[in-house]
Amino acid sequence: MNIVIAGGSGGIGGAFVEALAKRPEVDKIIATCNRHSSALDHPKVTWHRLDLTDEDAIRDWAAEVDEIDWLINAAGILHTRAHGPEKSIRQIDPAFFLENISINALPVLLLAKHLHGKFRHGRPAVFATVSAKVGSIEDNRLGGWISYRASKAALNMSIKTLAIEWRRTLPNVALVALHPGTTDTALSKPFQRNVPHGQLFTPEYSVNCMLSVLENLTPAHSGEFLAFDGERLPW
Ligand SMILES: NC(=O)c1ccc[n+]([C@@H]2O[C@H](COP(=O)([O-])OP(=O)(O)OC[C@H]3O[C@@H](n4cnc5c(N)ncnc54)[C@H](OP(=O)(O)O)[C@@H]3O)[C@@H](O)[C@H]2O)c1
């Protein structure tokens, strides 16, 4: 089984790489990192430095990738050094909004565009992205975090639209968006104070839950938004 983990240097992405490398059915993992390197050195894992917003870089890298059984995109941002997520429309900054769109929504489109041929082997396959429940339009009761929410809603729409296209062209692939639950990583660190006791997951726990969801997918699930516990979330 060949696996691609995009954003493998992150808290959640790194836990995916580590958990999958231990599995006997996994032959090879291609993992990408951007600004940070990963400390995980494993004979099954090959690391590539890749900016997932750079189409030329993705095209060149994709040309070297073999057939893919599972692809998991775990890249994303919620805040940068200069900006936190907005509490009010008064805080909207065009550059930060576009940065959210470019890192949270664009990469799956570029990955799908340049890797679709690698799923043409006919075996059941998975194309999954880590999204976030706050990207659900229907579930939005609190407001705030408008750039992040909008970028995750765009990501979700991309998965749904791609699932419809690939049902015709790549019917062996299940495309899904995943909600990992609030997970203890650099991304959530500044916002962990209000998380109720017992609801802040370790990356290992969150990833083990999401792996159980992915293992049970069939192409019939393509186009779904699923939480770590398998619950189907509203778009
Ligand atoms: N943690 C949570 O509570 C939580 C909750 C809901 C959803 N999520 C989602 O889960 C995903 C993973 O987040 P995390 O918590 O693991 O955060 P994290 O530890 O900050 O990891 C973020 C990852 O995104 C990568 N990345 C950022 N910009 C990139 C770019 N331009 N090109 C390529 N890679 C880029 C980072 O690579 P480098 O570090 O190498 O630059 C890193 O691998 C995100 O999509 C996030 O929205 C997380």
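In which sense do strand 1 and strand 4 pair, and over how many bridges? Select residues 2–6 and 70–73 and take a look: the two strands run parallel, with 4 bridges between them. Bear in mind that you're looking at a predicted model.

Stay with this pair for a second and show side chains. Valine 4 sits opposite leucine 71 of strand 4.

Is strand 4 covered on both faces or open on one? Turn the view to check: Trp70 and Ile72 point to one side, Leu71 and Asn73 to the other, and all four residues are buried.

Next, bring in helix 3, residues 94–115. Together with strand 4 and strand 5, helix 3 makes a right-handed β-α-β unit.

Then jump to helix 1, residues 11–21. This helix is mostly covered, with 8 of its 11 residues buried; among them are Gly11, Ile12, Phe16 and Leu20. What do those buried residues pack against? Color strands 1 to 5 and helix 5 (203–215), and you have the packing partners.

Last stop: the ligand. Select its surroundings and you'll get 28 residues, the closest being Gly10, Asn34, Gly76, Thr185 and Leu187. Helix 1 turns up again here, giving the most to this shell with 3 residues. Color the shell by class and you'll find 13 nonpolar, 13 polar and 2 charged residues.

Key: Residues numbered from 1 in each chain as written. Predicted model: local features only at pLDDT ≥ 70, side-chain atom pairs only at ≥ 80, totals over all residues. Near = placed C-beta within 6 Å. Nonpolar A, V, L, I, M, F, W, Y, C, P; charged D, E, K, R; others polar. Buried ≥ 20, exposed ≤ 12 C-beta atoms within 10 Å, placed from the backbone. Pairing = 2+ DSSP bridges. Right-handed = clockwise from strand over helix to strand, strands pointing away. Contact = placed C-beta atoms within 7 Å.
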